[in-house]
Amino acid sequence: MAEKHSSSSLGIISRKSMFCLFSFVSALFTLSWFFVVRSTVSAGFIDLSLSPHPKLNSVIDNGNSASWNRSDVEPSIGNRARAILVDNEGDEEKPQEKDDLGAVKCNSFANNCNQVLKVFMYDLPSEFHFGLLGWKPQGAGVWPDLRAKVPAYPGGLNLQHSIEYWLTMDLLASEIPGIPRGGSAVRVQNSSEADVIFVPFFSSLSYNRYSKVNPHQKKSKNKSLQEKLVNFVTSQKEWKRSGGRDHIILAHHPNSMLNARMKLWTAMFILADFGRYSPKIANVGKDVIAPYKHIIKSYGNDSSNFDSRPTLLYFQGAIYRKDGGFARQELFYLLKR
C-alpha cells in the first residue's frame, strides 16, 4: 500500500511538473512571438500618437483640409504650414490656369497661392553650418552677408546631399529685399510667430568631411558636433514648449546624425529615404523625403529625337539594395524586358 501511495504521489508531482513546464514554455513562446512582431512591424503599423502630428496621415488620405481640427494639433504649427502641405478640396472643382510651360499658375481659385510658411531659424554658431566650409564670421554675427561673397558649397558627391545648404541660404535670402527667390518660406525673428523651427546644421557635410577620427582626437568632429547640437537644441525654450514636434532637422545623408537621431526623434526629419531608420525614429507620418541633387551633367546641344535614341532607359547601381530598395527592385522587374 505504501509503495502504491508513493507511486501515485510521484505521478501527481510529475503531471504538475509537466503542466508547469508546458505553461512556462507557452508563455515564453508567446512573449517571443510578441517581441518579434514588434521588432519587424512596418511603418504603416506605427502608433502615430508617438509621432509629432498623429492627424497627418488622415489628412493625406482624405486629400483635403476639412479633417483638420484646431484642437488636434499643437498651436505652434500654424494653419499656413498645413495649407502648404495639403491641397484644398475645392481647388479640384475649378479650372486651373497654366502658363506656356504647362505649370499651374496662381489664381483666385487657388487658396494656397499666397500662403507663406513662417520659419524661425536658430542662430547656431558657425561651426555647425558655414564654418564647416571654412567661412569665419565677421564680428558677432553667425551668418554670411548674401549681398557680398558667400561661401561656395564643395562639388562632387557633396552636392548630392546639399539640401541643408540651400534651405539655409533661402531663409537668409528671404530677409533681403531684391534677391530673386522662388521659395514660399520666410524667416521670422520671433519664434512665437513661427509655424516651424529650423535647425541649420549641415549634417551631411559634417559626415562627409569630419566623420573620421584624427590621431590626436578621442572622437570625430562630426560626433562632437552632434553632441553639442543635442545639448543646444534640447535646452531651448522652443524645444521644451513643443517637445521638438515643430522642429525641422536635416539628415539627408543616410549616415548623418547617427548619434543624435535617437535623442531628437520627435522632430521632423528631412531624409533621403527610410532605409537606415527604425519606424519609431523616422516614418511617413512625420518626416519628409527630399530628392538628391542632380549632379550629372546635362547634355549640351543635343539635337537627337525619340527615334534616334536606341537606349530609352539607363540605370547604374545595385538592383538589390539595403533596406528601402524595394521600389528599385519592383521597377527592375517591370522594365527589364
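**A parallel sheet and an aromatic cluster**

In this predicted model, six strands make up an open sheet in the order β2-β1-β3-β4-β5-β6, and their pairing is parallel. The edges are formed by β2 (185-187) and β6 (288-289), each of which pairs on one side only.

Turning to the aromatic side chains, the count comes to 12 aromatic pairs. Phe 130 and Trp 135 form an edge-to-face pair, because their ring centres are 6.2 Å apart and their planes stand at 70 degrees. Both of these residues, Phe 130 and Trp 135, are buried. Phe 130 also pairs edge-to-face with Phe 202, with ring centres 5.3 Å apart and planes at 70 degrees. Since Phe 130 belongs to the loop between β1 and α4, and Phe 202 to the loop between β3 and α5 (203-210), this pair ties together parts that are 72 residues apart in sequence. Phe 130 and Phe 202 are both buried. These rings belong to one aromatic cluster, formed by Phe 130, Trp 135, Trp 143, Tyr 153, Tyr 165, Trp 166 and Phe 202.

Charged side chains meet aromatic rings as well. Lys 221 places its charged end over the ring of Tyr 210, 4.4 Å from the ring centre, while the charged end of Arg 261 sits over the ring of Tyr 277, 3.8 Å from its centre.

Note on methods. Residues are numbered from 1 along each chain as its sequence is written. This is a predicted model: local features need pLDDT of at least 70, side-chain atom pairs count only at pLDDT 80 or more; totals for chains, interfaces and linings use all residues. Side-chain values use heavy atoms; hydrogens and water are left out. Two strands pair if DSSP finds at least two bridges between them. Helices (H or I, at least four residues) and strands (E, at least two) are DSSP runs, numbered from the N terminus. Rings of Phe, Tyr and Trp (its six-membered ring) pair if their centres lie within 6.5 Å; planes under 30 degrees apart count as stacked, over 60 as edge-to-face and the rest as tilted. Buried means under 20% relative accessible area, exposed over 50%, partly exposed in between (1.4 Å probe, protein chains only). A charge sits over a ring if NZ of Lys or CZ of Arg is within 6 Å of the ring centre and within 35 degrees of the ring normal.
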